[in-house]
Amino acid sequence: MCPHSVHAVIAVKSLDSAKSRLAGVLAPAHRSRLVLAMFTDTAAAAAAVEAIAGITVVTPDPAVAAAAQGLGADVHPEPAGAGADPDGLNTALAAAAAAIRSQHPAVGVLALQADLPGLCPQELAAVLAAAPTGSRALVADHAGTGTAALFAPAGIPLRPRFGRDSAHRHRADGARELSGDWPGLRQDVDTAADLAAVQSLGTGPATTALLRELGLPYRVREPVTQVCGPVATS
């Protein structure tokens, strides 16, 4: 794949309603800060990949929008009603992908989850290098049931099917599943066990700094900053 031929899109809901399954580990205000930190690390990792020419963030939250703009990302408004729609994530991602393609028809679109604080840029570079040119591709999450990333090459609609059992839904809709040793990409964070797992991998600087600040009892284990190798170029 040629450099600068991909645009990433990330959807982030309102911070005050995010990550309710971490309620037993983090207070509400700390959950909001964790979501923002994880998004920051995810977007920063994507921005470090040479093949990714731009990032669009879909969000109704002003703090997320400000963080996105600080990272040089574009902000796309959340479609009306998407926040209350059970399928709102897919609506938001599809709308952003369509807006990107209206301006840049020849780009591939990479939809990423926003809670990948252990993501390393070379993992995304490897995914893009492995992605087929004639069909959509997905990377399953650590559980094998969800989708960490969905890629649609130029000329092919994104058609996101995120949600429960999304890996199966994407495969059933024609996306090819990619295999690879990409633990940071696959490790999203929804539960306390997920948080422990990603800390064992190492997290990006924003997430690591926040977890160190919070301390016990919220700290699951001693935070360690990720160590990423060089980013492969295509």
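Mentor: Strands (E, at least two residues) and helices (H or I, at least four) are DSSP runs, numbered from the N terminus. This is a predicted model, where local features need pLDDT of at least 70, side-chain atom pairs count only at pLDDT 80 or more, and totals for chains, interfaces and linings use all residues. Residues are numbered from 1 along each chain as its sequence is written, and side-chain values use heavy atoms, with hydrogens and water left out.

Our part is strand E6 and what surrounds it. E5 and E6 run antiparallel, joined by 4 bridges, and Leu 138 sits opposite Leu 150 in E6. These two strands make a hairpin with 6 residues between them. In that turn, Gly 144 has a positive phi of about 85 degrees. E6 also pairs with E4, again in the antiparallel sense and over 4 bridges; here Leu 112 faces Ala 149 of E6.

How well covered is E6? Mostly: 6 of its 6 residues are buried, where buried means under 20% relative accessible area, exposed over 50%, and partly exposed in between (1.4 Å probe, protein chains only).

Now stay with Leu 112. Leaving out residues up to four places away in sequence, Leu 112 touches Val 9, Ile 10, Ala 11, Thr 42, Ala 46, Leu 124, Ala 148, Ala 149 and Leu 185; a contact is heavy atoms within 4.5 Å. Leu 112 also belongs to the largest nonpolar core, which has 38 residues, and is listed with Phe 39, Ile 52, Leu 110, Leu 124 and Leu 185 as touching the most other members. Such a core is a set of buried Ala, Val, Leu, Ile, Met, Phe, Trp, Tyr and Cys residues joined through side-chain atoms within 4.5 Å. Among the elements giving two or more residues to this core are E4 (108–112), E5 (137–140) and E6 (147–152), while H1 gives the most, with 5 residues.

Cys 120 and Cys 228 form it, with their sulfur atoms 1.9 Å apart. Cys 120 lies in the loop between E4 and H4, and Cys 228 in the segment after helix H8, 108 residues apart. At -75 degrees about the S-S bond, the link is left-handed. Cys 120 is buried at 9% relative accessible area, whereas Cys 228 is partly exposed at 29%.

Methods
Disulfide = S-S within 2.5 Å. Pairing = 2+ DSSP bridges.
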